[in-house]
Amino acid sequence: MHIAMWCGLILQQAYRSVRERGFEPAEGGVYISYYLFGSPAHKYKLVPKHWVVELNGQRIPDLPTFVSLVQQLPHGANVRVKTCDLNGKVAAYTIKTDHLYWRGYEVFCERGRWVHRTLDEPTD
């Protein structure tokens, strides 16, 4: 199990029931399972039950790729986010990062223990 929080979005591999119904995009992506009220995701209308398939034009096949890309984004950066919904409809948004109040982190299980890791920020 591996989840990430970025700009108020909770992202993970899609639920088994969603994948079994064939809703997962062919090109992959990370599933938005929840967003936090008042976050940049809420402000810019990114909602659950969608996949993030691209960030700034770069494909997102899985969660580790997503995490590595968002760690390169500085505070206050404008990020183009391409999403895909359960019906395959594609939409694009621009979201402004906020590392001051909405720092990214990931939670994963490693050797039987849960690890909480704050995502690194790029150095100037």
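Glu 121 and Arg 103 form a salt bridge, with 3.3 Å between the closest N and O atoms; here a salt bridge is a side-chain nitrogen of Lys or Arg within 4 Å of a carboxyl oxygen of Asp or Glu. This pair links distant parts of the chain, 18 residues apart: Glu 121 sits in the segment after strand S9 (113-118), and Arg 103 in the loop between strand S7 (90-96) and strand S8 (105-110). Helices (H or I, at least four residues) and strands (E, at least two) are DSSP runs, numbered from the N terminus.

A word on the basis: this is a predicted model, where local features need pLDDT of at least 70 and side-chain atom pairs count only at pLDDT 80 or more, while totals for chains, interfaces and linings use all residues. Residues are numbered from 1 along each chain as its sequence is written, and side-chain values use heavy atoms, leaving out hydrogens and water.

By the salt-bridge rule, the count is 5. Three of the pairs are set out here:

| Glu 121 | Arg 103 | 3.3 Å |

Glu 106 lies in strand S8 and Arg 117 in strand S9, so their bridge ties together parts 11 residues apart in sequence. Glu 106 is buried at 5% relative accessible area, whereas Arg 117 is partly exposed at 27%; buried means under 20%, exposed over 50%, and partly exposed in between (1.4 Å probe, protein chains only). Together with Asp 120, these two residues are linked in a network of salt bridges.

Glu 20 and Arg 16 are 4 residues apart in helix H1 (residues 16-20), a separation of about one helical turn. Glu 20 is exposed at 57%, and Arg 16 is exposed at 59%.
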